[in-house]
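The following exercises concern a protein model and its worked solutions proceed step by step. Please study the sequence and the structure before reading on.

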Protein chains: 2
Amino acid sequence: MRATVIYGAGDVRVEEVPEPKIVEPTDAVVRVVRSCICGSDLWPYAGMKPSEHGRRIGHEFLGIVEDTGSDVTSVKTGDLVVAPFVYSDNTCQFCVEGLQTSCVHGGNWGDPGVDGGQGEAVRVPQADGTLVKLPATEDDDMLAALLTLSDVFSTGHHCAVKAGVNARTTVTVIGDGAVGLSAVLAAKRLGAERILLMGRHTARTDLGREFGATDVIADRGDEGIAKVRELTSGEGTHAVLECVGTLAAFEMGIGVVRPGGSISRVGVPQYKDGPIGRPLFSANITITGGVAPARQYIPELLPDVLDGKVRPGRVFDRTIGIDEVPDGYRAMADRKALKVLVKP
Amino acid sequence: MRATVIYGAGDVRVEEVPEPKIVEPTDAVVRVVRSCICGSDLWPYAGMKPSEHGRRIGHEFLGIVEDTGSDVTSVKTGDLVVAPFVYSDNTCQFCVEGLQTSCVHGGNWGDPGVDGGQGEAVRVPQADGTLVKLPATEDDDMLAALLTLSDVFSTGHHCAVKAGVNARTTVTVIGDGAVGLSAVLAAKRLGAERILLMGRHTARTDLGREFGATDVIADRGDEGIAKVRELTSGEGTHAVLECVGTLAAFEMGIGVVRPGGSISRVGVPQYKDGPIGRPLFSANITITGGVAPARQYIPELLPDVLDGKVRPGRVFDRTIGIDEVPDGYRAMADRKALKVLVKP
């Protein structure tokens, strides 16, 4: 089969690799129907050191179960299933607390010996704990929407949940990438009535408005902070959803958060140390968020996706075949595409 | 009257100052019955730059209302009242959310024009919002217990509440000072069954055990972290109550917190930047806490103090008169006293 392998910065290739087979009795093999490229894939695409053998990449996919190991009971051949962006047993002490990203038997797609999602098929470890069965559909829009449960919409939801977003909270979303827009949609779904979106790409912030943003702030840094404060009686917002990952974005978060509020981070931090001294302490600011346990959220989010209450698949603005994956990376890195859908 | 004035590092004096009088119609004047010295008073005692005029100090007190302004309705002359460690109107947008430490009309004891708590009497701004009426008592132990509502026990409680402590959470308390011990007591009161106390002063950790600590870890740094992990199946604890304020203590917190857990800080941070990069993000660690809105918690904690269910006044291990306040500072700075009670 064909699958995507990354060899270093800017070096993504689609290659023939062995067909996946059941190895453990808890495995399933899934034929990928839809996959996609994540903003976080762009970090190795920007900076990975050259590797002789490369590694598989892609961590978002849905597809049809092709085979199951002898221990697998929750899905069967022919089922349409979605995989969260990490695999997990869903029974360990962390999984039962809803933190499948810390599963003691879990791991990442693309780890040594584990397939990536940007390929034609995937061996899924811990299939019972990982895969969520979906109703059969061949509808393009619905498949795109369901695929976002794998990562981007679940991540936006995690960001909003950890920040305590509800009908009484005002919200600032930092970043107009696919995760930022998903965070807008998630905040709106959780009842937020005032959602300020900080971003400067009009096509993206327009979608943000359709998702629920009430205000768009194109300015950054001190000017952006001043705008948010101006729009919130000088107070800032209860929740700040930081969907970028740079120190500058985190510092903007500090600038716009209301005393007693939370900065929830889902952009992978590109920094080691951050300003968490007395100003944050005096104002009782909470810093929260992290890698989203998508598996925990899928059952809750699925009904609203299926009945069209939310349409998170709108973050995809380009669809490609498996052989065009390298072009897809380039388009996202050059900001010519917001998020690229792959039909293998 | 006599009151405590700090002029610089190591320079605390008790001096004659003008008797407080009603200035605003929202003021009350309170004759102090009990006051005390706080661990946070030791920071200026250690490092304040010399000041020609000095400033009033002390932010924990209870006493008898002596006079009230014309707008004050909730307390009257003769009432025994406790003051939280900041004053607040208790009606602004932050106060109604339970964050009286960010009150738009609030402020600190010892601010210019505002009395400190370590004196014979105090003019209390925003008396209706600030003071909480107590049942009359002259019992020494009860007065000591009630005084802790002003700061130290409320602060321990805030630390535990912000970390989400309940019957299902394991807890590490970092620091065996009066706040750390109060955090142990607060965590126990909230139902925690496993409370690990990190501290090395046996007299203090013994009281910690009486307050509810199930394990005491005398080691610090990597050794302390290893001990906590050894005691928790390698996982660390859900809640970490950081009651010191140094970067080393915060880093210990990172070392002992469980994935998905919280580090709640109530020790005033003596650092500007801290390690909040990828390891915290990957493990979904929340950093929370801050200056405790004691005013919010007093009504909830008061019944348990009055009926003796909790005895937070046991953190006081020395009682002095107003003229001995400079000795009290020395004793606490030299760690010869845990927390010093002042009977003016």
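**Exercise 1.** Determine which residue of chain B forms a salt bridge with Arg258(A).

*Solution.* A salt bridge requires a side-chain nitrogen of Lys or Arg within 4 Å of a carboxyl oxygen of Asp or Glu. The partner of Arg258(A) is Glu97(B), and their closest N and O atoms are 2.7 Å apart. Between chain A and chain B, the count is 2 salt bridges.

The model is a predicted one, in which local features need pLDDT of at least 70 and side-chain atom pairs count only at pLDDT 80 or more, while totals for chains, interfaces and linings use all residues; side-chain values use heavy atoms, with hydrogens and water left out. Residues are numbered from 1 along each chain as its sequence is written, and chains are lettered from A in the order in which they are written.

**Exercise 2.** Describe the contact between chain A and chain B: how many residues does each chain give, and what area is buried?

*Solution.* Step one concerns the residues. With contact meaning heavy atoms within 4.5 Å, chain A gives 40 residues and chain B gives 40 residues.

Step two concerns the area. Buried area is the accessible area (1.4 Å probe) that two parts lose on being put together, summed over both. Here chain A and chain B bury about 3,200 Å², of which 51% lies on carbon and sulfur atoms. Of the area that chain A buries against chain B, 24% comes from Ile276(A), Phe281(A) and Asn284(A), more than from any other three residues.

**Exercise 3.** Find which strand of chain B is joined by bridges to S16(A).

*Solution.* Strands are DSSP runs (E, at least two residues), helices are DSSP runs (H or I, at least four residues), and both are numbered from the N terminus. Two strands pair if DSSP finds at least two bridges between them. Strand S16 (residues 273-275) of chain B is joined to S16(A) by 3 bridges, and the two run antiparallel. Within S16(B), Asp273(B) is the bridge partner of Pro275(A).

**Exercise 4.** Give the strand order of the open sheet of 3 strands in chain B, and explain why one side of S2(B) and of S4(B) is left without a neighbour.

*Solution.* The order is S2-S1-S4, with antiparallel pairing. Strand S2 (11-16) and strand S4 (55-56) of chain B stand at the edges and each has a single partner strand, so one side of each lacks a neighbour in the sheet. Strand S1 (residues 2-8) of chain B is joined to S2(B) by 6 bridges. Among the paired residues, Val5(B) has Arg13(B) as its bridge partner in S2(B).
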